[in-house]
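Grab your viewer and work through these exercises one at a time. Each has a task and then a step-by-step solution.

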Amino acid sequence: TGIFDSSESEYQGDGVVVAILDTGLDYTHSAFSVDNFTTTNEAFTLDNVSEKVNDTLAADFTPGLTGEDVYVNKKVPYAYDYADKDPDVLPIDSEHGTHVAGIIAGKDDRITGVAPNAQLAIMKVFSDTQTGAKTSWILAALEDCVNLGVDVINMSLGSSCGFSRAADDEGINEIYDSVREAGINLIVAASNSSSSAKGSTNGDTNL
């Protein structure tokens, strides 16, 4: 990535599943090819994803959804679009999710991610037809991260301000609490598009 060279690291992400809540993934990119995925420790397989999929909200959104529908390959064993309610996660107008996935776990002749032997669960939370990512889409994806049993969640979602837990709805808190109770590491961009105080009623005090 130009930031951290993991090529000589003992840790390569084997046996770990990272869920990426973002704009989707171009899984045809060589960085996500099974030819470059060398782990022998697959936490998610087609068989266990097929067993788990019936317990997901994705299955509620798309009646008849099967493991084969959400399974791309052994590198990307789960992929679902929580915004448009279908298993098509190919991005329409943003490469951000693919970029993030490459930094985390991509591997080809030009790219080496931080954990190239990790598997990816792609939770697309940006719609092909609407702007932004609704809270309900994000929460549904988070709930399914718990249902599926991922190890890490990455949310590089643009937001200029942080938020106050006291002002959150109880239902939102319950989802985030369930992530913590499941022992899942949730990595979130605190302010991906501007300063943490931008838009504050007290003025932008963090220029």
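This is a predicted model: local features need pLDDT of at least 70, side-chain atom pairs count only at pLDDT 80 or more; totals for chains, interfaces and linings use all residues.

**Exercise 1. A lysine and its partners**

Is K124 buried or exposed, and what is its relative accessible area?

Step 1. K124 has a relative accessible area of 1%. The cut-off for buried is under 20%, so K124 is buried.

Step 2. Now for the partners. Side chains of opposite charge can pair when their charged atoms come close. K124 makes a salt bridge with D84, with 3.6 Å between the closest N and O atoms. That pair brings together distant parts of the chain: K124 sits in strand β3, D84 sits in the loop between β2 and α4, and they are 40 residues apart.

Step 3. D128 also forms a salt bridge with K124, and here the closest N and O atoms are 2.8 Å apart.

Step 4. D84 comes out at 23% relative accessibility, so it counts as partly exposed. D128 has 27%, so it falls in the partly exposed class too.

**Exercise 2. Salt bridges across the structure**

How many salt bridges does a search of the whole structure find?

*Solution.* 

Step 1. The search turns up 4 salt bridges.

Step 2. In helix α6 (residues 170–181), the residues to look at are R180 and D177. Their side chains meet in a salt bridge, at 3.5 Å from N to O.

Step 3. Why is the spacing about one helical turn? Because R180 and D177 are 3 residues apart in α6.

Step 4. Compare the two ends. R180 has 60% relative accessibility, so it counts as exposed, whereas D177 is buried with a relative accessible area of 17%.

Step 5. As for the network, salt bridges that share partners tie D81, D84, K124 and D128 together.

**Exercise 3. A serine in a loop**

Which side chain does the side chain of S127 make a polar contact with? Place S127 in the fold before you answer.

*Solution.* 

Step 1. S127 is in the loop between β3 and α5 (135–148). Its relative accessible area is 8%, so S127 is buried.

Step 2. The side chain of S127 makes a polar contact with the side chain of D84, at 2.7 Å. D84 is also a salt-bridge partner of K124.

Step 3. There's a backbone neighbour as well: the nitrogen of Q130 lies 3.2 Å from a polar atom of the S127 side chain.

**Exercise 4. Rings**

What geometry does the aromatic pair of Y80 and Y82 have? Then find the lysine that lies over the face of F61.

*Solution.* 

Step 1. A search of the whole structure gives 1 aromatic pair. Y80 and Y82 make it up, with 4.9 Å centre to centre and 75° between the planes. Over 60 degrees counts as edge-to-face, so this pair is edge-to-face.

Step 2. Y80 has 0% relative accessibility, so it is buried. Y82 also has 0% and is buried.

Step 3. Over at F61, the lysine is K85, which lies 4.9 Å from the ring centre.

**Exercise 5. Reading the strands**

How many residues of strand β1 (residues 17–22) are buried?

*Solution.* 

Step 1. In β1, 6 of the 6 residues are buried, so the strand is largely enclosed by the rest of the structure. V17, A19 and L21 point one way, and V18, I20 and D22 point the other.

Step 2. β1 pairs with β3 in the parallel sense over 6 bridges, and V17 has Q119 as its bridge partner there. β1 also pairs with strand β4 (residues 152–155), again parallel, over 3 bridges. In β4, A19 is partnered by I153.

Step 3. Move to β2 (residues 78–81). Y78 and Y80 point one way, A79 and D81 the other, and all are buried. β2 runs parallel to β3 (residues 119–124), with 4 bridges between them, and A79 bridges to I122.

Step 4. Finish with the handedness. β2, helix α4 (residues 96–105) and β3 build a β-α-β unit that is left-handed.

Technical notes. Residues are numbered from 1 along each chain as its sequence is written. Side-chain values use heavy atoms; hydrogens and water are left out. Rings of Phe, Tyr and Trp (its six-membered ring) pair if their centres lie within 6.5 Å; planes under 30 degrees apart count as stacked, over 60 as edge-to-face and the rest as tilted. Buried means under 20% relative accessible area, exposed over 50%, partly exposed in between (1.4 Å probe, protein chains only). A charge sits over a ring if NZ of Lys or CZ of Arg is within 6 Å of the ring centre and within 35 degrees of the ring normal. Helices (H or I, at least four residues) and strands (E, at least two) are DSSP runs, numbered from the N terminus. Two strands pair if DSSP finds at least two bridges between them. A crossover is right-handed if, with the strands pointing away from the viewer, the path from the first strand over the helix to the second runs clockwise. A polar contact is a pair of N or O atoms within 3.5 Å; within protein, one must be able to donate a hydrogen and the other to accept it, and residues adjacent in sequence count only if both atoms are side-chain atoms.
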